[in-house]
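Open the structure in your viewer and keep the selection tool at hand. The tour goes from one selection to the next and says what is there.

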Amino acid sequence: MSLRSTLDFLLYQWLDAESLNQRTRFADHSRETFDAVFDTCERIAREKYAPFNRTVDTQEPHFDGEKVILPQATHDAQKAYAASGMLSAAQDYEIGGMQLPYTVEAAANAFFAMASVSMGSSLLTTGNANLLMVHGTDAQKGVFATNEFSGRFSGTMCLSEPQAGSSLSDITTRAVPDGADFEADPLGARYRLKGNKMWISAGEHELTENIIHLVLAKIPGSDGKLIPGTKGISLFIVPKKLVGTDGQLTGVRNDVALAGLNHKLGWRGTTNTLLNFGEGKYPVNGQAGAVGYLVGKPHEGLRCMFHMMNEARIAIGMAATMLGMAGYYASLDYAKNRPQGRPMTGAGKDAAAPQSRIIEHADVKRMLLAQKSYCEGALALELYCARLVDEQHTADPQAADEARLLLEVLTPIAKSWPSEWCLEANSLAIQVLGGYGYTRDFPVEQYWRDNRLNMIHEGTHGIQAMDLLGRKVLMEGGKGLQLLAARINATAARAAQVPELAAHADALADALQQVSSATEAAWASGQPTEALANAVPYLQAFGHTVLAWIWLDVALASLTLDATESIAARAGRMGATRYFYHYELPKIAAWLQVVSSRDATCADFPEESF
Ligand SMILES: Cc1cc2nc3c(=O)[nH]c(=O)nc-3n(C[C@H](O)[C@H](O)[C@H](O)COP(=O)(O)OP(=O)(O)OC[C@H]3O[C@@H](n4cnc5c(N)ncnc54)[C@H](O)[C@@H]3O)c2cc1C
């Protein structure tokens with residue numbers, strides 16, 4: 001099954017994406033306009049991205065002392081992407097957008113992620129500009145966001161510092177008012193920033209005329225000291241080159257300097273940088289300090305940034321999914337063509353018989369089916385979450401609020417589940433290719449290296465797990481979890497009526513019960529250190545239960561909704577569902593056992609005994 005046919009089924013049959021056109025915001029759209037967007041993106045990805053995926057891996061970005069050099073293919077790909085209008089796909093018509101549903105935008109971006117995940121850093125630019133459209137002033141929108149949407153400028157997200165990754169409350173970049181008239185600047189209250197930002201993706205390059213950094217920094221209190229914790233954090237626009245209110249470059253370079261490029265395991269098509277802000281390499285008006293314009297109110301920076309981070313998390317989940325999918329397709333193709341071994345019969349092997357193709361071996365089929373169930377399941381989950389984003393923005397108030405809460409609970413899963421299991425899919429793809437998979441003659445090792453990032457950035461696996469068990473399932477009196485449980489139970493009730501799915505329905509209801517009981521047991525002592533010590537096994541069990549629900553719902557749609565589906569496609573979805581229920585879902589019992597008993601094996605292990 002091709003990616004396009006899988007997407008078509010999930011979007012049009014399962015999620016009924018066409019019904020979004022009944023909403024005023026999307027009224028001009030139809031399946032034809034959605035398909036036209038997919039055709040364009042599929043073509044650009046095929047022509048401008050896929051052929052150069054290995055090029056950007058081997059020709060790593062390098063700094064010639066003045067400029068960061070990237071392969072020409074990356075310049076061409078980004079130009080084609082900007083020309084397609086995808087940077088502002090979801091924005092209003094008035095500012096040149098297409099008012100596309102987010103569901104369609106996310107699906108269209110899947111083609112690029114599969115073709116070459118690291119050539120497109122566009123999600124940072126879109127996320128940066130989208131944030132400014134929500135929290136920026138009119139001038140900030142006009143000068144910065146609009147030029148990002150057109151592709152003239154690109155965007156970054158500068159949170160991390162060398163000493164502050166997971167713990168953002170410990171950032172030390174400071175911002176002080178720039179002169180007595182600092183509040184009078186038409187681009188926003190003007191500050192001077194000083195500090196170091198680590199790991200900044202797309203932080204330096206020549207792909208666009210300018211780079212718009214969104215930077216978290218602390219404004220010192222009246223005693224000159226930084227306010228501890230996240231409360232003191234504010235958000236600033238820090239352009240690499242200063243811009244006038246007319247959107248034109250003033251010719252003044254801002255005091256942001258590249259300290260160095262990080263040399264990564266994968267994802268090498270995107271630069272990754274250590275940036276020095278305000279150290280005086282490029283003084284502005286004779287003074288050290290990077291000029292930055294406040295976004296929103298002082299001390300509310302993290303709240304504004306979260307707007308961008310939630311979108312980014314769904315996009316990261318989608319990227320992980322598509323890397324998994326790329327490995328799945330490559331290993332499937334290989335397995336169909338590689339002759340190796342002979343069938344074992346009752347009389348032993350017949351050495352004179354022709355060899356089998358490896359796809360005929362049950363163990364190879366197991367590895368392919370695992371990949372299919374992880375990657376197609378994850379794709380369905382990401383699209384489901386994207387549909388919830390559209391519900392949150394355009395449905396009636398009650399449905400919108402339900403979508404908001406469901407997203408709160410599902411976002412850690414949408415980010416983390418594909419990061420772990422589609423990475424596992426990449427590992428299985430290497431295994432299917434055997435020794436060849438371990439070489440650079442085939443693409444699967446690069447997919448694994450590229451995918452390895454996703455458990456680390458945008459909140460590590462451990463941090464996402466603590467967010468889920470420590471915050472999301474408890475918030476608003478556990479209402480988000482209850483809403484999710486109601487949807488899972490509704491799917492199980494419908495599936496219980498379908499003979500082929502009834503046993504899965506029982507297993508799903510049982511899994512949900514196990515997760516609910518474990519949630520309570522984890523918190524029974526009320527001690528966060530005890531409850532959260534096994535947050536990752538909880539995330540794994542929760543994620544597997546969500547994926548089992550998604551697969552059952554997809555299988556129901558395949559059996560009951562789509563009369564046009566081919567026999568092979570339907571058998572594929574039913575087989576992947578069965579695989580997930582027989583080989584994967586039973587794992588949750590072991591994961592939840594340590595959660596429920598608040599097992600302290602790891603927490604209590606003495607450091608000196610390692
Ligand atoms: C290629 C790449 C691109 C990136 N792009 C950007 C970017 O564009 N902008 C940006 O701001 N950042 C970016 N990052 C930074 C990324 O978000 C951080 O690496 C991440 O937040 C983790 O921080 P850290 O690396 O300092 O690890 P640490 O925070 O030191 O974590 C190390 C380990 O300790 C665990 N840990 C930490 N604290 C706890 C705790 N309280 N409880 C339990 N476990 C804990 C973590 O889960 C992790 O396993 C990027 C990183 C990489 C590698």
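## Second largest pocket

Select Val134, His307, Glu311, Val389 and His393: of the 28 residues that line the second largest pocket, these lie nearest its centre. Bear in mind that the model is predicted. The volume of this pocket is about 800 Å³.

Next, colour the helices α5 (102-116), α6 (122-135), α8 (301-337), α9 (362-394) and α10 (397-433), each of which gives two or more residues to the lining of the second largest pocket. How many residues of each class does the lining have? Sorted by class, there are twelve nonpolar, eight polar and eight charged residues in the lining of this pocket.

## Ligand

The shell holds 18 residues, and Met157, Ser160, Ser166, Trp199 and Thr460 come nearest to the ligand.

Zoom in on three of these residues in turn.

- Met157: a polar atom of its backbone is 2.7 Å from a nitrogen atom of the ligand.
- Ser160: here an N or O atom in the side chain is 2.8 Å from a nitrogen atom of the ligand.
- Thr460: an N or O atom in the side chain of this residue is 2.6 Å from an oxygen atom of the ligand.

Taken on its own, the ligand has 970 Å² of accessible area, and the protein covers 63% of it. Colour β3 (153-158), β5 (190-201) and α12 (461-472) next, as these are the elements that give two or more residues to the shell around the ligand. Which element gives the most to this shell? The answer is β5, with three residues. By class, the shell around the ligand has nine nonpolar, seven polar and two charged residues.

For the last stop, select residues 241-243, which form strand β8, and residues 249-253, which form strand β9. The two strands pair in the antiparallel sense, over two bridges. Show Lys241 and then Arg253, its bridge partner in β9. Between the strands of this hairpin are five residues, and Gly247 takes a positive phi near 85 degrees.

Conventions:
Residues numbered from 1 in each chain as written. Predicted model: local features only at pLDDT ≥ 70, side-chain atom pairs only at ≥ 80, totals over all residues. Heavy atoms only, no water. Near = heavy atom within 4 Å. Polar contact = N/O pair within 3.5 Å; in protein donor to acceptor, adjacent residues only side chain to side chain. Areas by Shrake-Rupley, 256 points an atom, 1.4 Å probe, with all protein chains shown as cover. Helix = DSSP H or I, 4+ residues; strand = E, 2+ residues; numbered from the N terminus. Nonpolar A, V, L, I, M, F, W, Y, C, P; charged D, E, K, R; others polar. 1 Å grid on protein atoms, 1.4 Å probe; cavity = no way out; pocket = protein on both sides within 12 Å on 5 of 7 lines; lining within 4 Å. Points joined across faces, edges and corners; volume = space filled by probe spheres on them. Pairing = 2+ DSSP bridges.
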